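Visitor: I am new to this structure and would like to learn how to read it. Could we go through it feature by feature?

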Amino acid sequence: MTGSIMDTFFEECEELLEAMDAGLAAIEEGDQDPETVNAVFRAVHSIKGGAGAFGLDELVAFAHNFETVFDDVRSNKLELDEKLIQLLFRASDHLADLVTCARDGGQVDQAHHDVLIAALAEYMSEEEEDLTFEPMGMGAAFDPAPLSAAQEISYDIRFHPLKEMFATGNEPYFLFQALSDLGALSVKLDDSELPGFDAMEDGESYLSWELTLVTGEPRSAIEAVFEFVEGLCELSISADGDVEAEADALAALNAAFGMAPAEEENAVVAPLEQSAPEPVETPAPAEVEVDEAPEVPVEAAADKAPAAKKDAAKTSGPKPTLRVELDRVDRLINAVGELIINHSMLAQQIANLDASDTRDVETELEGFKTLARDIQEGVMAIRAQPVKPLFQRMARIVREASAATGKTAKLVTIGETTEVDKTVIERLADPLTHILRNAVDHGIELPENRAAAGKNPVGEIRLTAAHRSGSVCIEVKDDGAGLNRKKIRQIAIDKGLVPEDVELTDSEIDNLLFLPGFSTAKEISNLSGRGVGLDVVKNAVTALGGRVNISSTPGEGSMFSIILPLTLAVMDGMVVSVAGHTMVVPITAIVETMRGNADMINSLGSDGTLLSIRGSFVPICDVASSLGLRSSSHNEPAGVYLLVETENGDRCALAVDDIHDQRQVVIKSLDGVCGNVPGVSAATILGDGKIAMILDPESIVTASSSAAVFDTDRRMSNAIAS
Amino acid sequence: MKTKVLAIDDSRTIRNLLAACLEEAGFEYHSAVDGREGVDIYPDVAPDVVITDINMPNLDGFGVIEELRGDGINSKVPILVLTTESSADLKARARAAGATGWITKPFDDESLIFALKRVTGAVA
């Protein structure tokens, strides 16, 4: 139970941290709306509140400091200057780290923690600093009694509610009931002050009670019962033996109640602390309360009434939402996948039927197909989430990277409402982080260099998300120096990644950055370096079924584009046959298809073949031979050529035997079944129930002849040029 | 008859904690995600006791108390304020607005039930 509540707490923390970052970013941009400041305050406050419930003391303590400073901002005691905003950003980042540590275990950087605490303390006034966070009040006041019952003591309690008490909804009866839980209670009403009926004033309090409680609980337990009415009543609590002389009166009182007091207990000398005659400490002077009471609500009402109205006007209420476990959605997605497979099978069965007229059935089947697609889109929409939270996290990355490199850069985000599959968002975080660090570290120049080049000293990185014809396009564009192609080429040669005399186009040089083991950093900086190159980015994006590309203009900056499929579960594919096997090629990769004939084939060198299409040449890649299904048979035309475009814009013709169909297929992962198969990205189940491999054109082309593609392309360009 | 509690808090975590504790103790639990919703659903829920947070969007806890106690609704039910701080000032403000008592966060189940008991008499 607590576990799942704690999970919710961490989920909520993520949302609160995002809200906090969004609020701080808005404030940095000059947002002066008090509600924005309030929202940030509430976020910190809620994190603290929740953390307290789970005993996450370190988190509570830091949130408390943060909150204290921010409260002064809220009440305009502190002015928000650039320095304070930056500190608040760092504090917010650190709070996020503390949340992560609390959730996943681990330790935050203690030095950093102390630095931030000290920096926050500078903004706190003396008294606030001294005020250590310590939950007080009822929780602390009421300690349950130890199991071994203490000596029972008889307490005399005199209770006279002031009329103000009744306005707060407190009822004497319930207080007595709570007291009776502590021990044997006797209650005597004192109505001696009750005037005649005519003299009675409405709302006045005339009644008092005299109570006797025999209990083993300490005095503090009794005081705790009256906690809420402190200051709203006249209260005196005295233990027997407090005053020797009172004993007789007490006995008389007890007798009057018809209660036989336990003689022995009465005789017991109470422990010193309890028997000490204490002056009645609880009732505060009633006048003070009465005087204050009318003032405070007026002030509070004046504060709030307009704010409340404004809030109500501003937010006409969020759309109702429902939180569902991801597992349930995934089950639904799987079921929809099966539904689509089922449709294919049904269609196939009907086609095989020996019926004379299947038109009616086919019409219905078409309706089935449309519905299945609707359901699929609906389910996908459940998983879809706006990229906003992801983008907001990236703002932090840029801040940190800027601080670490001494550069100034700001992140501009566009298209934050673009919705992408949840898994895609999760798995994009790492590659995006890497690209952004890279952009700050290598892209953006130092402020002085930027100024010298006539640029704004503050670099700008644009992070854009957009839907583009069935895919999601995410771009990271910086206005830095652009790629140093000469240097990149030299490094690639030095590292033996390309031959020394290679001729490369600009785009090919740019894409060398994605080669494994490539890193331009002279020393491994602790930023984008870390010994891993952009190949990690490429792998991550490829694993999502996407492509990544880089382009650059010297002096103006570089741009990374990541193109991703909208969903990871279903895709449109072309069903083809290769050496007797049925396979699927993703439609998104195919530019054009054509029947082969001998005239189109041109040999090049000993093993290269080119396909001529309307006067231009593209290298041919025989799918069957590259998958090892048969040895290559060059100069015979294949049945069909699929013209595909690789991520860096090169084209290649995939030779297959035949095309059967174009249809939606459900992607079934091969992970855990047969591991990673080169050239194959996943599998699917076709209408006839057979399993078909989904090909990965990119890796087929690369695997079959990566060098040859470069090479033929080069030679061809030269040939055409000359 | 179960005692009906209306809990108003913008924190899902706190709402969950309250729900877990109160339902286990046999209370009937209702909740609202901010002050505005709390006041809006109050007449329909008709709770025996209200627990409200102070810092909330769209109408804070003081606003809730004022509206519930105000002429429109004129509620007499006990209202407990949830507060992280035990600052005297905050309590005084809440009380002046008409709050019955307060629950200091972080609360444990025992102290929550104890507070409810003192204002409703409910054993649950």
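Visitor: In which sense do E17(A) and strand E19 of chain A pair, and over how many bridges?

Guide: Welcome! Please keep in mind that this is a predicted model. E17(A) and strand E19 (residues 651–656) of chain A pair in the parallel sense, over 3 bridges. To find a spot to look at, go to A:Cys621, whose bridge partner in E19(A) is A:Leu654.

Visitor: Is strand E17 of chain A enclosed or open?

Guide: Strand E17 (residues 616–622) of chain A is largely enclosed by the rest of the structure, because 5 of its 7 residues are buried.

Visitor: Let me step back to the whole chains. How many helices and strands does chain A have?

Guide: Chain A has 24 helices and 22 strands. Of its 722 residues, 43% count as buried. Among contacts in chain A between residues at least 6 apart in sequence, 70% join residues at least 24 apart.

Visitor: And what pattern does chain B follow along the sequence?

Guide: Chain B reads β-α-β-α-β-α-β-α-β-α, with 5 helices and 5 strands. Buried residues make up 67% of its 124 residues.

Visitor: Which residue stands opposite A:Met583 in E22(A)?

Guide: That is A:Met693. The two strands concerned, E13 (residues 581–586) and E22 (residues 691–695) of chain A, pair in the parallel sense over 2 bridges.

Visitor: Now the helices. Which residues of helix H2 of chain B are buried?

Guide: The general idea is that an α-helix has 3.6 residues a turn, so residues three or four places apart point the same way. In helix H2 (residues 35–45) of chain B, the buried residues are B:Gly35, B:Gly38, B:Val39, B:Tyr42 and B:Val45. Seen down the axis of H2(B), they fall within an arc of 130 degrees, so they line one face of the helix. On the other side of H2(B), B:Pro43 and B:Asp44 are exposed. The cover over the buried residues of H2(B) includes strand E1 (4–8), strand E2 (28–32), strand E3 (49–53) and helix H3 (61–69) of chain B.

Visitor: Let me try another one. Which residues are buried in helix H4 of chain B?

Guide: In helix H4 (residues 88–97) of chain B, they are B:Lys91, B:Ala94, B:Arg95 and B:Ala97. They cover an arc of only 160 degrees around the axis, which puts them on the same side of H4(B). B:Ala88 and B:Asp89, on the other side of H4(B), are exposed. Just after H4(B), B:Gly98 takes a positive phi of about 120 degrees.

Visitor: What about the rings: how many aromatic pairs are there over all chains?

Guide: The count comes to 10 aromatic pairs over all chains. One of them joins A:Phe159 and A:Phe226, a tilted pair at 5.2 Å centre to centre with 45 degrees between the planes. This pair links distant parts of the chain, 67 residues apart. Both A:Phe159 and A:Phe226 are buried. Another involves A:Phe514 and A:Phe560: their ring centres are 6.1 Å apart and their planes at 80 degrees, so the pair is edge-to-face.

Methods: Residues are numbered from 1 along each chain as its sequence is written. Chains are lettered from A and ligands numbered from 1 in the order in which they are written. This is a predicted model: local features need pLDDT of at least 70, side-chain atom pairs count only at pLDDT 80 or more; totals for chains, interfaces and linings use all residues. Side-chain values use heavy atoms; hydrogens and water are left out. Buried means under 20% relative accessible area, exposed over 50%, partly exposed in between (1.4 Å probe, protein chains only). Helices (H or I, at least four residues) and strands (E, at least two) are DSSP runs, numbered from the N terminus. Two strands pair if DSSP finds at least two bridges between them. The arc is that of the directions from the helix axis to the C-beta atoms. Rings of Phe, Tyr and Trp (its six-membered ring) pair if their centres lie within 6.5 Å; planes under 30 degrees apart count as stacked, over 60 as edge-to-face and the rest as tilted. Contact means heavy atoms within 4.5 Å.
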